Structures are given as C-alpha cells and as structure tokens.
There are 4 protein chains.
Amino acid sequence: MNKKKIINDPVHGFIKIPNERIYDLIQHPHFQRLRRIRQLGLAEYVYPGALHTRFHHALGAMHLMSLALDTLRQKGFEISEAEMEAAQIAILLHDVGHGPLSHALEFILLKDIRHERLSQLIMQGLNQEFGGSLSMAIDIFMDVYPRRFLHQLVSSQLDMDRLDYLLRDSFFTGVMEGTIGADRIIKMLSLYQDELVIEEKGIYSVENFLTARRLMYWQVYLHKTNLSAEQMVIQILRRAAHLCAKAKR
Amino acid sequence: MNKKKIINDPVHGFIKIPNERIYDLIQHPHFQRLRRIRQLGLAEYVYPGALHTRFHHALGAMHLMSLALDTLRQKGFEISEAEMEAAQIAILLHDVGHGPLSHALEFILLKDIRHERLSQLIMQGLNQEFGGSLSMAIDIFMDVYPRRFLHQLVSSQLDMDRLDYLLRDSFFTGVMEGTIGADRIIKMLSLYQDELVIEEKGIYSVENFLTARRLMYWQVYLHKTNLSAEQMVIQILRRAAHLCAKAKR
Amino acid sequence: MNKKKIINDPVHGFIKIPNERIYDLIQHPHFQRLRRIRQLGLAEYVYPGALHTRFHHALGAMHLMSLALDTLRQKGFEISEAEMEAAQIAILLHDVGHGPLSHALEFILLKDIRHERLSQLIMQGLNQEFGGSLSMAIDIFMDVYPRRFLHQLVSSQLDMDRLDYLLRDSFFTGVMEGTIGADRIIKMLSLYQDELVIEEKGIYSVENFLTARRLMYWQVYLHKTNLSAEQMVIQILRRAAHLCAKAKR
Amino acid sequence: MNKKKIINDPVHGFIKIPNERIYDLIQHPHFQRLRRIRQLGLAEYVYPGALHTRFHHALGAMHLMSLALDTLRQKGFEISEAEMEAAQIAILLHDVGHGPLSHALEFILLKDIRHERLSQLIMQGLNQEFGGSLSMAIDIFMDVYPRRFLHQLVSSQLDMDRLDYLLRDSFFTGVMEGTIGADRIIKMLSLYQDELVIEEKGIYSVENFLTARRLMYWQVYLHKTNLSAEQMVIQILRRAAHLCAKAKR
C-alpha cells in the first residue's frame, strides 16, 4: 500500500506525509481522535468558518517543520534523517493530549493535569506500540534532546505550532489581521550554537507576527461571545458534576 | 438590540444581515440546526478542511443574492424592497430541510420525501410563526411568483446556490480547480422579459463555471473515499433499521 | 457609446466606472499620463512585480471611496449624488500632478512646487474643460467644502488613498506584511459631527493598518536598494542640469 | 558577496537563486534587458495590472522547474546536480531572445528570424562568456540532450513556461478564469522511459489547465482591444519603415 500520501490543505497547498511510520501514526486512533476536536472550540459561534480541527493543525505544523528543517539544511546545518523524522513526529503529536473545547475547560475536567502532560503520556504509549521508534521525538518534545533548536521549533516564542495556528485560524475565521508571512519567517530561520535564531532581515516579519498574534487574541481567542459560550459550557459541566456526585451518594 | 450584524466569512469577506426579520430567521432553531449539518458530508475524510456547514453556505448564498439583485438594479431593472427581501429569504431557507450527511442518505431515512419538500414544509411553518411575512419568499421558492428570474436566482443552472457552494467547497477543500469568477458572473447577469440571462461578455466565465463544477464532481463530490464512506453509513443505517424492526416483532 | 465600463483589478476584483463624466476624466490625457508613472518608482529593482502605476492606484482609491460612501449611506448618513461624485473625482485626481519617480525627485525638478500644488492646478484646468463640473471635487480636495469627512476620506491619517496603496503595494511586491483588512476598516467607518470616525470594534483593524504601514516603510519604501537607486537618479539629473547650464553659457 | 538571494514574488511567494552561476546570468545585461519587455505587450490597455515582464516570468519558470525536478527526485528518479542546473538555466533563458511587444511584431522587425532562434544565439554567446558552462543547458533547450523530459519541462504541451505564464498572467490581470492548480500538476509529474508523464490522479488538474489556457486566450491574449492596439503599432512601424526607406533613396 502506498503510504506516501499527499493531503490537500487550503492553507499550505499540499501536505506530504513523509514516510510510512508517520503515516501509521496519523492513522492511529489516538491521532484520528483529533479530527473531532476543534482548534478554536466555540469560536464558531462568532466565526462560522472556524470549524477546523487539531488534526488539521497538527498536519500543518508538521508541514511547516519540514520546510523549516529544509531551510536550515540548505544553509549548511547538518540535520540527520533521524532528527528530521523525530522533529516532525514531535510536532505532529504535540497536541495529541488535547481534550475537547478550550484550555479553560481542561481545568474543570482534569484539575491537576495539563494537556502537555497528557500528550507526553500518549506519546509514551505510542512509543511502546511503535517499538521505541518515537524515543527521539519524545526527547525533543521534553526538551532533553541535546540539540535545543529542535525543541524550539516545536515549542518556543516562534515555533511551527504558532506559525501554523495563526495562519490557519486567520484563514478559517476570515480575520485578515492575523495574516503573517510564515514563508518569510521560515526562510529567515538560522542556528547559532544549535539554538534557533532569526536573520536580521527577518525582523519585520517577526514584528508582524507578534502584532498579528495579539490582534488574533483580541479579535478571536478572547472575543466576548467566545468566552461567554465557554463559560456557559464550564458552568453546565460543573452543574452536571455536582448532580452526578449527589446522585451517587 | 442591534440586529444589523456583519459576519466574517473567509469566502466572501463580510456578510451583512440586511434587516431584523432575516436576523430573526437566522436565529430560529430551524436555521441554527444547519450549523450541525456539513455541506460536504463525509468528504472531510479526504479533505480535512471540508468541515463547513449548510448554515455557512446559506448565509453565503444570501450574500450573493444581494449582490446579484444590486447588479440588476444598477442596470435599471426595478426590484422592489419586498422582492429583494423575499429573494434573500428564499435562498437563505432553500436548504433548511436538509438532513445530515448526503443526498444519498435521505433516500434511506425518508424514502418518499425529498429535502426540497421538507424545506418547503419548514418554510410554511416559519411563515406562520412570522405572521405570513414569508409568503412571497415561498412563492419564489416554489416558482409561482410571476417574476421568474427571482426563482432562477434561487434554483436554476446558474443560481446563487451553485455559485456559493462551488466557491465555498473549493475554498475549504483547497481544490483550486473549483475556483470560479463568481463576481464576474454576477456582474454579467441581466434580465430579458423577466428571465435571467447573461451578457455575451460573460460567456467565458460561464464556461469556466461549468468546467469547474464538473471538476469538483470528479475530484470531490464523487471521490471514491467519499462515496465509500457514505455507502458504509448507509449500510450501517440499513442494518440498524433491520435490527430495530426485528426487535419490535 | 457605453461608458459604464468595468475594469478588472487583481486587488479589488472589479472597479466600476460610475458615470460618463468620470469616464471622460479617466480618458483625458492628463489622467492617462499616470499610466506611465509607477507607484513605487524604482522599487522594481528589489521587487520585480512592483510595476503598478498611479493610474491603477487612482482607480483603486476611487473604488474604495465608493465603498466607503455606500457604507456611510447605509448607516443613515445623507450623502447627495453630487457629493458622491465629487468625492470620487477628488480622490481620482488627488495624484494627477505626480511626476515620474519619487517624491524625492520632485524637489530636484521643481524646487518650490509640490505635487499637491500641481494636482490642484491640473484639476482647475480640467474644471474649465469640463464646464465647472469639478468645482465641488476641488473644494473637497482643498478642504474648503463644509462637510469635512469628504476631504478626510481623500486625505487624512486613514484615507482611501492609503488603504489602496498599502493593499496594492503589498499585492504587487508580494510583501505579506503589508496586508490590511481594508474591507473591515471601511465597514467600521462612521461620522460624528460630519467628521470621519471609526467604530470602536474597528480599533484592531486600525492598529493592524498602522503596523502594516510601518512595516511597508521599512521593507519596501525605505529599502536600501530602492533609496540608492533613487539617489543615483537624482545625482544623474543634477549632473545633467549642471552640464546643460554650462552648455548654455 | 552573497549571491544566494531570495526574491519576493507575489505569484510563488519566494524565488531562490540556486547558485552563483545563475546569479551571474541573471545579472547579465542580456537577461536584465527582459526587465523592459512586458509579458503581455499592450494588454495593459485592457488590464491595467498587466505590466509584468519577461524578466519576472523567466524567474518564475525557473522556480517551477526546481519544484518539478525536486518532485521527480523524490519519486526516485535520478537527476544529477549538473542536469538540475542546466534545466534551470535552459528555462531561465528560453525567452531571452524576445523582442518588445508581441509575437506578431517580431515578424515585422525581423522577417525571417523567430525569437527561439534569437534565444539560441544569445545563449551561445553567453556560453562563450561563461566558459562553456551552459552547454548542457543549450542541449536541453535544443532538444538534443538524451534525457528528453528535461526539454519537455522547458518546452512542451505542459511545460514550466506555460504553468508560470498562466498563473502570472491570471494574477496580474485579475482574470480568475486562468487560475490553475500548478502545485498539483507539478506534484503529479512523473517519468516513463525518461519522457514526462502525468500520474492518472492528475488528469483533472490537466483538464483544468487546458480549459484555463483557452479561456485566457479568449479573455486576454486575443482580446479585441489588445489585438487592435497591436495592429496599430504594427502599422505605425510599417509606415516608419516605408518612410525611412523613401528617405534613404
């Protein structure tokens, strides 16, 4: 079976699944579950197009990761095939522990466990199923891999996660103010002592990225209708938990 | 309360809700139900962005209707405010009877009733609730209103329904081949003896529309994975119906 | 002859020429001259797509003016047909006095005359040719028309000139960082005591506009190669003037 | 001096100059001359945005060539670095012999010499200047290089030249009907016995490409105003030639 699929993505054009292992990870129920988790929770009540899922976002972030690593290689930095794959797996799975709805909600459902911790646990489970082949990806995700830039591409102030979600959220909401020059930012990435840096010429693109991010917070993520809807769901769940607890007694 | 809302639509930019009655119709549970019905059913298994709903599509078609009627007015054709509103309501509600998943499915669930018939029944129910103010819209929808172009804008070979769904499906799937010049087609609309016609200069845009539509059928609507998923759901429902019938005996 | 032409504009889609007088103005050699004046002067040496002209920009600004005035009318502000046309003419001709290349250059060629003054003189000449029908447009341009918002739409911190050139320069250079939500800004325009204001909800779009403008200055308008090329042309012209003066003696 | 420049292209995003030799070719006056030759000749009288040059188009075609060859390599076909560079040079220079204005015009100016022949002569001249390093590129251009797919990517029914000019002409004119899925077509390229073929799944994209091309002929390349303007220039030149010949006698 041909597992080198190409997926149509209205945001990035085409996303290539780079190899069989990543194909199998994507097919795994733990990852397919993300098809039913919306990236923007209840924001669809304000922005009817905002139905895109964490599944789609994770594929997009993996795509940007491959562009970023290609750029670094072309600038002469050595990145092994194993590192390439591990970094792509790390970002593909970085959100695999996310529950439904919003960050706010997870505090209700699982009081003392953050989604990052869940992602980590799921990744470890998958690592067993995949015969230990995700170990380097987990090291990168946990920031214990010696080459720190790989973790920084997964999770930092300017990681591939943020580049993808800004572009994607802007695309599906139709909020133009979130448009960023992700291609340019990626082309400007470089390394200094194995830490991620940006070439001087990229500074305006980075500033634009920071402004765009803030505008998206104001116009989308913290939109009053979005937050109200979220609070209503939280109160409903609290009430349900209370009634269940009462019923049990 | 201000009901002249503007809705962000990544496809058309902004959609203006033209008046209070239409705002109230959009808020009605019958219409809000369409938020949970995807335009492309199970096509998301091939195109992960294809999660857009009939709710969103109906708003988009209403928007194109207002552009089309504005164009006709600017060309000197008289269209009353009442006709304007009725045509917008007719297209807003043209799919209100749609059930979940695909056209194919509705033959299983409701053997002898097509969704057009359901749309009509729901519109008549809404008309009662809204004090008879939807009568002209229903006449347009049923093609009994004397000025036939209004019905043709709702349902014909080149209606606002098709223009919106092609643009929208192309946008959310990322299938570029479905891109059409809807703006240009609308600008080329005209009337001859109250029937909808296209100015000669628009012929290439129309040809492009026809080709794009066919390509979307091949690449999206009739994609083998899409059809297979649909058949699986149909078989599941058939089996469920069979088991229920058996259990009842 | 049909003068109600529609012009394809890759930035705004379609630009409608609203009436015969404006069609005749566009056809006038004074305006057609702008076809040979590039909006971004020598920036094409950095951005090969940046060949767009002041002709195209003036049409685009006129288009945005008509959108802005339509929005204000829909919000209940009275704007007469005469004012509508005059404002469109004022912005169409606001740059008609521009010479080739850049602002910097005009100080060499015409030491004590700014292009605004030239635009005014040309408009007055056209007004004579057009039988005085541009008087209101000139009043708006000169800011002596009593309803000040009309001038503010032509020339202020947030005028249709700037909205169009940012969008257009961003489009033709490919510098994504200049993308602004012009549609949204226009939809948020309002009047208070006949002065132009922005609805509170539009504040993020305005902030994005201000940031985008600054980024365009840094990345495009003040790009070192652009400025160097300009300085070279200025020095060449100075030298030519010097040699001519010497030859005359 | 760093010659690995990146050029902003509003059509493709960023175009990377792959190496120093290609940088030097681009800087050569023979290539820079193309900055003053418009891709669409006089079509700007119909489409004011259509000012893009053969310079820009040649860079774009080179970019698509690199994408196409990368795709073929990823599918397991061996393409040497030398072939990669030669194919990029061949398409970069394929139009270097083009004169101003249109194909029609060249028959007036140079009755018996076609621009392909001029391109070839200029390439041979450049080859001498560049110490014979363009020989393989010239072989590919002349279709004498044994691996025929390289020539087919430069010049055939589905070459990178056409993909770029359709996309570019559609972008700068604003004629949506010319939009093609070039990314998808390139992703579907393959080889069979060293000839260029398309994977079966790409057939719809190819059909769309063919339709789009035809629509561009009708709406742009053969637009009556475009052809009329061209005929006027041809008659002017004929008359000028006649008067010159008379004056000489």
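## How two helices of chain B cross

In this predicted model, α3(B) passes α9(B) in a right-handed crossing. A crossing is called right-handed if the near helix is turned clockwise from the far one by less than a right angle, and left-handed if anticlockwise. Helices here are DSSP runs (H or I, at least four residues) and strands are DSSP runs of E (at least two), numbered from the N terminus. Two packed helices are described by the angle between their axes and the distance between the axes. For α3(B) and α9(B), the axes come within 8 Å and cross at roughly 125°. Each axis is a line fitted to C-alpha atoms, for helices over the stretch in contact, and angles run from 0 to 180 degrees between N-to-C directions. The two helices α3(B) and α9(B) are therefore oblique to each other: angles under 35 degrees count as roughly parallel, over 145 as roughly antiparallel, 65 to 115 as roughly perpendicular, and the rest as oblique.

Which residues make this contact? From α3(B) come B:H57, B:G60, B:A61, B:L64, B:M65 and B:A68, and from α9(B) come B:M160, B:D161, B:L163, B:D164, B:Y165 and B:R168. Residues are in contact if their C-beta atoms, placed from the backbone, lie within 7 Å. By class, this contact holds seven nonpolar, two polar and three charged residues. Ala, Val, Leu, Ile, Met, Phe, Trp, Tyr, Cys and Pro count as nonpolar, Asp, Glu, Lys and Arg as charged, and the others, Gly among them, as polar.

## Where chain B meets chain A

Now look at the meeting of two chains. In chain B, 17 residues are in contact with 17 residues of chain A. On the chain B side, β1 (6–9), α3 (54–74) and α9 (160–173) each supply at least two residues. That side has ten nonpolar, six polar and one charged residues.

Copies are superposed by least squares on the C-alpha atoms of residues with pLDDT of at least 70 in both. Because 100% of the interface residues of chain B are also interface residues in chain A, the copies meet through the same surface.

## Where chain B meets chain C

How many residues of chain B are in contact with chain C? Five residues of chain B are in contact with five of chain C. Here β2 (13–16) and α10 (182–187) of chain B each supply at least two residues, and the side of chain B that touches chain C divides into two nonpolar, one polar and two charged residues.

Chain B is superposed on chain C by a rotation of 180° with 0.0 Å of shift along its axis (RMSD 0.1 Å).

B:Q193 is in the loop between β3 (189–192) and β4 (195–198) of chain B. Its phi is near 50°, a positive value in a residue other than glycine. Is B:Q193 buried or exposed? With 7 C-beta neighbours inside 10 Å, B:Q193 counts as exposed. A residue is exposed if 12 or fewer other C-beta atoms, placed from the backbone, lie within 10 Å of its own, buried if 20 or more, and partly exposed in between.

## Reading the model

Residues are numbered from 1 along each chain as its sequence is written, while chains are lettered from A and ligands numbered from 1 in the order in which they are written. In this predicted model, local features need pLDDT of at least 70, side-chain atom pairs count only at pLDDT 80 or more, and totals for chains, interfaces and linings use all residues.

Conventions. Contact = placed C-beta atoms within 7 Å.
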